[in-house]
Amino acid sequence: MRILITGAGGFMGRKLIAALLGEDDTEITALSRSVLNIPGVHFYPCNVLNSEAVEKVFKENQFDCVVHLAAITAHNEIVGNRMETFETNLQGTINLLNSFNRHCHGGQFIYSSTGKVYGRTNEMPISENALVNPTNILGKTKRITEEVIEFYAQPENRYLILRIFNIYGEGQRSNFVLPTILAQLEQECLNLGSLKDFRDYLYVDDLIDAFKACIAAPANFSNVDHVNVGSGEPACVADILREIERRIGRELKVTVDQSKFRRDETPVEFCNHSKLTAQTGWTPKYSLADGVEKTLRANGVIS
């Protein structure tokens, strides 16, 4: 199988490439703004906003599957770069869709969306049938892009939208919750935002397994389909802190900084992933306790 991965230099992209490299008969082409030197991977330095560069990639290759990860997703970066976020998430996807539809026939296009598209929804846990009512910039731009995918869809191809909830794990950038905590462990007191908002935390290896399951089973989905990817279990930052405390053997003191509260998000958000499970057999393997422990070990916090 010939797979194109955009945003290949990011947290999810690097993990997905590493997992797919172990698969037989898989050829990987990677698009990234940062230079990648991964043996066995065909690399193009490319910004998805450059339509000519994107078209060149498709002209020079034939892909069975495109996994589109390139996006601005960190909350603090989005708030300060609203239009750049909108342009990258929307126009970058349009550029890819134009080339995908032109050159790939019978192919699969997998889009990395977010659980934030639901926003203030009408059910919990959230299923794919829930009301879509995004409240923050990420959710709004991703939902608009989902609608663009629906508009561009051609009957001979398949377009799968993964609504991914809160991912964590080793190698994640510092502006997400677990790396933020780990960076402050040696301080007398941690400075954090809300400890009580409930989110759906999924360990990154489970996410990668979900991608692999979807790539392997395009026929299990309709022409344009949506699936939730999450643990299905609500947890808050206080829960994460307790898991860390158990493993490092000491209590963590925390100052709650209200300036870090995300007032454009809902207080409770977790998903029902039964559709993805029914379509592919995928289920999460790692509990929050397991995922936090693996992350701590990978970061050298515990041995």
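Start by selecting Asp200: its bridge partner is Pro234, in strand β11. Before moving on, know that this is a predicted model, where local features need pLDDT of at least 70, side-chain atom pairs count only at pLDDT 80 or more, and totals for chains, interfaces and linings use all residues. Residues are numbered from 1 along each chain as its sequence is written, and side-chain values use heavy atoms, with hydrogens and water left out.

Next, pick β9, residues 199–203: 2 bridges tie it to β11, and the two run antiparallel. Strands here are DSSP runs of E, at least two residues, and helices are runs of H or I, at least four, numbered from the N terminus. Two strands pair if DSSP finds at least two bridges between them.

Axes are lines fitted to C-alpha atoms, for helices over the stretch in contact, with angles from 0 to 180 degrees between N-to-C directions.

Last stop: bring up α1 (residues 11–20) beside α7 (residues 204–216). Their axes come within 10 Å and cross at roughly 60°. To look at the contact itself, select residues including Phe11 and Leu16 of α1, and Leu207 and Phe211 of α7.

Methods: Contact = heavy atoms within 4.5 Å.
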